[in-house]
Amino acid sequence: MPLYENVFIARQDISGAQAEALADGFAQLIADQGGEVKKRENWGLRNLAYRMNKNRKGHYVLFNIEAPAAAIAELERTMRINEDVVRYLTLRVDQLDEAPSAIMQNRGSREDRPRRSDRDRYGEGRDGGGERPAAEAPAPAITPTEPVEKVEA
């Protein structure tokens with residue numbers, strides 16, 4: 001059977017549970033048509049690149065599907081009719097990727113990075129951080145208490 005990747009965006013004003021129920025309905029539709037959803041990823045509520053139908057955000061869901069072409073046609077027809085689906089895209093692929101998608105990999109790497117301090121942000125801590133050695137400590141500022149004489153040569 002042919003292999004497909006499908007991503008759809010649901011409206012921002014539905015809840016996460018409603019977006020999951022919508023994805024469950026689409027997965028059941030594929031199963032009823034003789035196909036199978038191999039992988040399903042919920043990418044959550046994300047910003048859109050531009051406003052679509054007065055929405056600035058959307059619930060993204062990815063399906064990796066193994067199904068006949070008729071099942072995909074029915075899935076797209078159902079998505080076109082459903083008013084909660086803002087956009088969808090289905091691509092035929094040669095093989096399905098078993099690993100997490102780039103979106104899911106990126107999500108984990110952000111939490112693994114160390115938190116930056118304000119010193120790093122504004123360039124004060126670029127020399128490796130830590131205390132300066134005593135030999136390199138800056139000399140105290142000299143303030144003249146007596147008038148300085150002019151020396152003529």
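## Position of Asp-84

In this predicted model, Asp-84 sits in the loop that connects α2 (69-81) with β4 (85-93). Leaving aside residues up to four places away in sequence, Asp-84 touches Ile-9, Ala-10, Arg-11, Ile-14 and Leu-22. Ala-19 is 65 residues from Asp-84 in sequence, yet the two C-alpha atoms are 8.7 Å apart in space.

## Overall fold

The protein contains four helices and four strands. Along the sequence these elements come in the pattern β-α-β-β-α-β-α-α.

Of the 153 residues in the protein, 27% are buried. Its accessible surface is about 11,500 Å², and carbon and sulfur atoms contribute 48% of that area. Among contacts with a separation of 6 or more, 75% are between residues 24 or more positions apart.

## The sheet

Strands of a sheet pair through backbone hydrogen bonds, either parallel or antiparallel. Here four strands form an open sheet in the order β2-β3-β1-β4, and the pairing is antiparallel. β2 (36-52) and β4 are the edge strands, each pairing on one side only. On average, neighbouring strands of this sheet are turned by 20° against each other, with direction ignored.

β2 and β3 (residues 55-66) run antiparallel and are joined by 11 bridges. Within this part of the sheet, Gly-44 stands opposite Tyr-60 in β3.

## Helices on the sheet

Helix α1 (residues 16-32) lies across β1 (3-10), β2, β3 and β4, and runs at about 135° to β2. α2 also packs on the sheet, where it touches β1, β3 and β4. The direction of α2 makes about 165° with that of β4.

Definitions and conventions:
Residues are numbered from 1 along each chain as its sequence is written. This is a predicted model: local features need pLDDT of at least 70, side-chain atom pairs count only at pLDDT 80 or more; totals for chains, interfaces and linings use all residues. Side-chain values use heavy atoms; hydrogens and water are left out. Helices (H or I, at least four residues) and strands (E, at least two) are DSSP runs, numbered from the N terminus. Contact means heavy atoms within 4.5 Å. Buried means under 20% relative accessible area, exposed over 50%, partly exposed in between (1.4 Å probe, protein chains only). Accessible areas come from the Shrake-Rupley method with a 1.4 Å probe; for residues, only the protein chains shown count as cover. Two strands pair if DSSP finds at least two bridges between them. Axes are lines fitted to C-alpha atoms, for helices over the stretch in contact, and angles run from 0 to 180 degrees between N-to-C directions.
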